[in-house]
2 protein chains.
Amino acid sequence: MSQPQTAITPTRDADFPEWYQQVVKAADLAENSDVRGCMVIKPWGYGIWEAMQRGLDGMFKATGHKNAYFPLFIPLSYMAKEAQHVEGFAKECAVVTHHRLESDGKGGLRPAPSAELAEPLVVRPTSETIIGATYAKWVQSYRDLPILINQWANVVRWEMRPRVFLRTAEFLWQEGHTAHETKAEAVAETEQMLGVYATFARDWLALPVFTGEKSAGERFPGAEQTLCIEAMVQDRKAIQAGTSHFLGQNFAKASGIEFLSRENKKEFAWTTSWGVSTRLIGTVIMAHGDDDGLILPPRIAPAHVVILPIVPKPDMRDSVFAACDALAAQLRATIFAGEPIRVEVDKRDLTGGVKSWEWIKKGVPVRVEIGPRDLEKGTVAFARRDRGHKEKTFPTNAELLASIATTLQEIHDTLLARATTLRDTHTVKIETREDFVKFFTAKDDSKISGGFALAHWDGTAETETEIKEQLKVTIRCIPADAPAEDGPCVWSGKPSKRRVLFAKSY
Amino acid sequence: MSQPQTAITPTRDADFPEWYQQVVKAADLAENSDVRGCMVIKPWGYGIWEAMQRGLDGMFKATGHKNAYFPLFIPLSYMAKEAQHVEGFAKECAVVTHHRLESDGKGGLRPAPSAELAEPLVVRPTSETIIGATYAKWVQSYRDLPILINQWANVVRWEMRPRVFLRTAEFLWQEGHTAHETKAEAVAETEQMLGVYATFARDWLALPVFTGEKSAGERFPGAEQTLCIEAMVQDRKAIQAGTSHFLGQNFAKASGIEFLSRENKKEFAWTTSWGVSTRLIGTVIMAHGDDDGLILPPRIAPAHVVILPIVPKPDMRDSVFAACDALAAQLRATIFAGEPIRVEVDKRDLTGGVKSWEWIKKGVPVRVEIGPRDLEKGTVAFARRDRGHKEKTFPTNAELLASIATTLQEIHDTLLARATTLRDTHTVKIETREDFVKFFTAKDDSKISGGFALAHWDGTAETETEIKEQLKVTIRCIPADAPAEDGPCVWSGKPSKRRVLFAKSY
């Protein structure tokens, strides 16, 4: 039986994990480097990250945060300060033990034995401890609070099974770290930043997300409460796309963030931390991509529009190129979602078909072709990435310019609607253990199983662990808006007060 | 004898290096962390870096470059690939030898002996080798060239005598890395980026710079040619503020960046690299600061304007705050140098004097005070950081809004003019060895000596080394625009063809 031809092999249905790797490659987003687990983020992939940074950074600043920068290295002794943190994070770290190289006498180099550090340094896996030690110096009085700081940085967590964007030894992220006078303020900050992430996911990534709280077993090591956003991707697995932690006074006590209160008493500050990473790029690929490659939500596309000159004869080159450049300039003077429209003009000496398919695979929202006949008519050939690749319209330049911002918003809305339908179709309430097991058991070779299950949980770590071990299913979150509801735990049959969200996950 | 009181002690004349440290502290820019040589860049300091990044990034993109990201870690063997590079860079590096920590049995942690890396990893001191290895995979044909990529990143070079911003173990920078088909293209790129740096220094940092080429002795290890911008700061020393390297085919050969040429022959690519770092912040402090603290060129100021509410009685608070917020909103809707004006409203519960002096020390270009009497009259009290702190004017709100962009540009122009006068006054042609020695010998305890000397040099490494060892004076550059001119070397008396720029330096 003949298959419809697609630009990506295999298709999502045939082998989702391999489809993902092929999209990363075909869209020229990133590649593995020679350093195990460390990726090279290529310009198109990095451009997505830059757009995400702009969006998030604006939202962080609008909520009163400022950026700063803290050291890459953490003294080994700091890692041991917070008991739960050490369990969770002080394991797979890159450890710096020497500060000089010397000749090994065989034409190579070696760490100089004379330059061994008295105390090894850990390459930050996250910065609570080093930032806590700094805040301890900054905070004397309640007047020094709150501290509302974010950092854009690279972090390293040694990974045995790396996967580009989803799980890499080095990745890029932002980590917000705030310190407050009262518990209520810190809790409000934790919730506010979760809201920022959910809004960003919806408005920039075209992703509907579940928001909620992690179970104790899935909490950030050292946190009192971990809130998260969870997205569904097309193999119906969950991906944790951002977390916001209420750290209580745990890190303040470990780091000594103490202040003189309004009542003139020494008190420990209440802290939070929150972060999203380059993992969001992986999330977007898996949420929106199709069998022809990446599909980018317009606000995070490094280019909104690509213009492809069609030059059948060399003597037409100059006039076609000039028309393309003129249209590009007009588009760049147009605003979409508060930013000038980003345009690439692809003048490479390749056939139109080759170029067009490259840009389809890269997920650029809009493709515009201009050839000699378009020049005569004052029109262009116009195609949207959210529609079939043969589906073209032929607006005039003026029509294109007048409609481009609306079109980009429509593409965003289409992607959000599709992702919402996917999520809603595959999020179901499950009542019995039999149905629960069936739901999470793939029906065919695709390995794609049910999706998200809203089911009762008895609240015990025992049940959580059994489900995880037997089905590879975890509690993704206790949804923020779940109503109180009595029912029997889907696994143990014991009483439960509300449903939680179960899924397989990345 | 009584001294005029200044906000910074000591003054620049009394002790320039200590003045620098005190300005960094008083302006709340950065501080040393507990990790030797690693600084914490505080929000006001990081805000300066963010503004610099925006400016440079725009210029890089306008010249056809895109950003990407390469691994933090470099395999040890890569460091040894380019012979001169290894000499220059493979010394004071942070070396990762382990990838896991374990309990040391005494309540602490230690690198797990079982997790020793087969090949140690170096934390990048610069990325020519790892990027070269990546480009080697990307480049097959002349059609794959040029590659025009920039990276914003942190780098680590172990420093024994760290000094905030000027010399730190970890610092932030950008490194451009390009690969070209021909030597001419690579040379043109090297020169273009030097031009970008000189323009940025003038238009964003209000710094006039000398541009030119480094002598062989001062070249980047592995480069064929190192171009640089050199600025004079107020102790009349030079600071290398940016470099652009033509790397010839050296790194291409070491990394194997080979391509099939238009003539169907295997050839090595021609590469360049270029960078500026957080050192620019130190440069700006030393170039423009005065005895009251930092003075920021407006385009890199995290806030252009601070509004200080004056609230003599608590019941006036709301109306004054409302007027301040309203003015802030109007200012933010005004454009300076292509960006919305950045405004802080300082509502902290401190006296007007304390707040005003904090902002003077932070170098904010414009201070605006609004009190109850201003509300009645519809005026503000207005002060510029480039003028004396008592010098105030009292424009109406409308006058302020109409003139603010012009005022900010005037402040920029004033700073540039002052820095140019400083530089021109203390850049002199010197003909004899006696005058040369005298010029570089401080006349008093201030340790401030002559400045920049344009003098003949015989072109030998021997003379260069003698001058460096005896006077701590180096050849900063062979100026780009120096005319051919015969004369005797100021040191050896041997014949010379052109003058070079000598100075003490950071």
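The model is a predicted one, in which local features need pLDDT of at least 70 and side-chain atom pairs count only at pLDDT 80 or more, while totals for chains, interfaces and linings use all residues. Residues are numbered from 1 along each chain as its sequence is written, with chains lettered from A and ligands numbered from 1 in the order in which they are written.

In chain B, strand 9 (residues 147-156) and strand 10 (residues 170-180) run antiparallel and are joined by 10 bridges, with B:Gln151 standing opposite B:Glu175 of strand 10. Strand 10 of chain B is also joined by 8 bridges to strand 16 (residues 270-277), again in the antiparallel sense, and here B:Gln174 stands opposite B:Val276. Of the 11 residues of strand 10 of chain B, 10 are buried, so this strand is largely enclosed by the rest of the structure; a residue counts as buried if 20 or more other C-beta atoms, placed from the backbone, lie within 10 Å of its own.

Further along chain B, an open sheet of 5 strands has the order 20-17-21-22-23, with mixed pairing. Its edges are strand 20 (343-345) and strand 23 (392-393), each of which pairs on one side only. Strand 23 of chain B pairs antiparallel with strand 22 (residues 381-384) over 2 bridges, and B:Thr393 is the bridge partner of B:Phe382.

Turning to chain A, its secondary structure comes to 14 helices and 29 strands. Its radius of gyration, taken over C-alpha atoms, is 26 Å, close to the 23 Å that the globule rule (2.2 Å times the number of residues to the power 0.38) gives for 506 residues, so chain A is as compact as a globular protein of that length. The C-alpha trace of chain A spans about 80 × 65 × 55 Å along its principal axes, and buried residues make up 52% of the 506 residues. Chain A is divided into domain 1 (16-288), domain 2 (301-411) and domain 3 (427-503), with bounds that come from an automatic or database domain assignment. Between domain 2 and domain 3 of chain A, the C-alpha centres lie 47 Å apart.

Terms used. Two strands pair if DSSP finds at least two bridges between them. Helices (H or I, at least four residues) and strands (E, at least two) are DSSP runs, numbered from the N terminus. A residue is buried if 20 or more other C-beta atoms lie within 10 Å of its own, exposed if 12 or fewer, and partly exposed in between; C-beta atoms are placed from the backbone.
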